[in-house]
Amino acid sequence: MKKGLNEYHFYENFDELAIDILTLAKNIIPEGYFFLSAFTNKEQHILKVAKNKENIHINEGARIPLHSAVCTRINFSKGNALVYTDISKEDSLVELKRTYQATNVNAYLGVPVILRNGEVFGTLCAVQEKATTFHADSIKLIEKLATMFSYYLELESMACRDHLTGCYNRYSLERFFQQHTREEGIILFLDLDGFKQINDKLGHETGDFVLKEVSLRIEEVIRKSTLSGAVFRLGGDEFVVNLIGLIVKGMIDDIATTLILSLSTWDFHTNDFYLSTSIGIVSYTKEEQSLSALLKKADNALYRAKSSGKNTYQYF
């Protein structure tokens, strides 16, 4: 799930289900060393490892550069499992042999975890110390487990995302905030200026299109900022950006200015209405950890931004 690797942190019972999947897989191939992984654009993350007795050096939480990960050789477009019975004899893996010798791996079974829309999450893998033949029936059962896991991921993704815009919803904001209670951060509360006129004069279909485009533009600004955080739609034309870490004011000024510019450039501006955004901003410390109180402060700053002429931002 390259667009949001950490999204699984929002999911109910992710750890428990991941462990259950690995336990079932271990029952199918008892001698296999099983792990679940997820991909980003640059790395493979080892999310969960089964309770294994084998002497394999692949640890939970490890991050493997994609160019060093054999999992990336899976044909994800076809969704087929990848099998190497004896890596030491695979001429095509010359560059990777040293890596897998270091982890004490010589046999590999990689099953892709893919959502129905074609989006790749990662892999369910079994590795072994010695050359091994994986039986076809066992591979099919592991593939079924990966499919079951992908269904769970899809359902949870639907639960944590706004159905219209695709960005995260209010429920996910609460989960995200709870997971970062030991960190400082910034909340930007955005409300569109002139959105009611869009719905009234151009119709709700156009209004829905605008909300989707607003979501994409906000996410693009945050992605390019290199700061850690996420974008949420609270409802209507209200959006929240929660950035994590100690962030200097100048960086927030730049982000707010970029957001205002991005969300005030439209093809349908007329003399009757003009679409832009106003932003309320509040920073918080490790000790100040009430989301509802912070949202009220950000909303207060947003009100002052609108009162001062809209299409601007104010700090609490």
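Biologist: Which kind of interaction do the side chains of glutamate 154 and arginine 116 form, and what is the N to O distance?

Modeller: This is a predicted model, and glutamate 154 and arginine 116 meet in it through their side chains in a salt bridge, with 3.2 Å from N to O. Glutamate 154 belongs to helix H3 (residues 136-160), whereas arginine 116 sits in the loop between strand S5 (107-114) and strand S6 (120-128), so the pair ties together parts that are 38 residues apart in sequence. The two partners can also be described by their accessibility: glutamate 154, at 16% relative accessibility, counts as buried, while arginine 116 is exposed, with a relative accessible area of 67%.

This pair can be set beside others, for the count of salt bridges comes to 12. One of them is formed by the side chains of glutamate 60 and lysine 48, at 3.5 Å from N to O. Here glutamate 60 lies in the loop between strand S2 (43-49) and strand S3 (63-65), and lysine 48 in strand S2 itself, so this bridge ties together parts that are 12 residues apart in sequence. Glutamate 60 is partly exposed, its relative accessible area being 44%, whereas lysine 48 counts as buried at 13% relative accessibility.

A further salt bridge joins the side chains of aspartate 200 and lysine 196, with an N to O distance of 2.7 Å. Both residues lie in helix H5 (residues 195-202), and being 4 residues apart there, aspartate 200 and lysine 196 are separated by about one helical turn. Aspartate 200 is exposed, with a relative accessible area of 52%, and lysine 196 is exposed as well, with a relative accessible area of 60%. Returning to lysine 48 and glutamate 60, salt bridges that share partners join these two residues and Asp15 into one network.

As for confidence, the mean pLDDT of the protein is 90, and 97% of its residues reach 70 or more. Confidence is lowest in helix H2 (residues 94-102), where the mean is 75, and highest in strand S11, at 97. Over residues 1-5 the pLDDT stays under 50, and for this stretch the model has 20 contacts beyond four places in sequence.

Conventions: Residues numbered from 1 in each chain as written. Predicted model: local features only at pLDDT ≥ 70, side-chain atom pairs only at ≥ 80, totals over all residues. Heavy atoms only, no water. pLDDT = per-residue confidence, 0-100. Helix = DSSP H or I, 4+ residues; strand = E, 2+ residues; numbered from the N terminus. Contact = heavy atoms within 4.5 Å. Salt bridge = Lys/Arg side-chain N within 4 Å of Asp/Glu carboxyl O. Buried < 20%, exposed > 50% of the residue type's maximum accessible area, 1.4 Å probe, protein only.
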